[in-house]
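Please keep the structure in view while reading.

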Amino acid sequence: MRGLNRPERSVDTGNEKTNAASQVPDMDTYAHKLYLSNFLREPVIRSAAQALQLPSGSRGLDAGCGIGSHTLLLAEAVAPAGHVTGLDLSPGFLIHAREIAEKSSLSEQVSFQEGDVNKLPFDDDTFDWVWSVDCVGYAPAEPVPLLKELARVVKPGGSVAILGWSSQQLLPGYPVLEARLNTTSSGIAPFIKGKRPELHFLRALGWFSEAGLEEPRAQTFVGDVHAPLSDNIRSALISLFEMRWGEPQSEMTQEDWAEYQRLCQPESSDFILNLPDYYAFFTYSLFHGKVAK
Ligand SMILES: C[S@@+](CC[C@H](N)C(=O)[O-])C[C@H]1O[C@@H](n2cnc3c(N)ncnc32)[C@H](O)[C@@H]1O
């Protein structure tokens, strides 16, 4: 998701002890944010996986798997005979991914490997499909060579899918404030600043065609939440607010910063998540295509 595609940061576990989601021990801050965010994201990512109709028994790759939240979800989709490999650049994330997988009923259906999506450590035609959430197409890298590299490891006729967080409305009743917060350098701006329009994630259909993938398709999935919020969803939203807008930015006016603090900080008496009619939604966009036979 936007804002999560940052380098892994070092240790900090201490300050979320009262949250239900802090029951996962020893996660550094960024891994913990990924973990929390999945309470929001999982239903919508699951819908996207279902739309792909991954064949039962197939073998796939989750490229840029993070702590493996979706590696397991994919393994469930291709169970019992299928297998999913999670690949990530970060050894720290992979430690968490392995720990979480070992505690699940799908530990035999997944494996994790360190590696770079730019140069995958796999032979040509290794997998039936590959997918990537909030990784390929998000970082500043040129997307077409990346898609070609993903396609290289997929068998002819198999599919390549990339998903990315594509929009949100998290501050109901404050659309202009939210729009302004999103133009700061911790909001959407770093993902679009200086980028050629055709390199923006929502232009991915063009990348698929350019990479020689057939039948390029796009579909957008909505996730939504409303009051009363579970502890996990509440923790996920608090983490999201803080990650995206939680530090004063040079582009932010003092008034907007004060409004952010009033609405988005849990200690405020006007904290937006305490609204009895709180409602929010966000979208994930899925782009996929087939490797030529
Ligand atoms: C925003 S996280 C998404 C993780 C996971 N897909 C999810 O949605 O929970 C982006 C992930 O991409 C990984 N990543 C970034 N660049 C990478 C690269 N060149 N090769 C492999 N993984 C990479 C990061 O380490 C991180 O785990």
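Which residues that surround the ligand are the closest?

## The ligand site

The ligand is surrounded by 20 residues, each with a heavy atom within 4 Å of it, and the closest are Arg 41, Gly 64, Asp 88, Asp 116 and Val 133. This is a predicted model, in which local features need pLDDT of at least 70 and side-chain atom pairs count only at pLDDT 80 or more, while totals for chains, interfaces and linings use all residues. Residues are numbered from 1 along each chain as its sequence is written, and side-chain values use heavy atoms, with hydrogens and water left out.

An oxygen atom of the ligand lies 2.8 Å from a polar side-chain atom of Arg 41, and a nitrogen atom of the ligand is 2.8 Å from an N or O atom in the side chain of Asp 116. At Val 133 a polar backbone atom is 2.9 Å from a nitrogen atom of the ligand. By class, the shell has 9 nonpolar, 7 polar and 4 charged residues (Asp, Glu, Lys and Arg count as charged, and Gly is among the polar ones).

## Salt bridges

The count comes to 11 salt bridges, each a side-chain nitrogen of Lys or Arg within 4 Å of a carboxyl oxygen of Asp or Glu. One of them joins Arg 152 to Asp 124, with the closest N and O atoms 2.7 Å apart; because Arg 152 lies in helix H4 and Asp 124 in the loop between strand E3 and strand E4, the pair ties together parts that are 28 residues apart in sequence.

Glu 42, Arg 46 and Glu 76 are linked in a network of salt bridges.

Definitions and conventions
Polar contact = N/O pair within 3.5 Å; in protein donor to acceptor, adjacent residues only side chain to side chain. Helix = DSSP H or I, 4+ residues; strand = E, 2+ residues; numbered from the N terminus.
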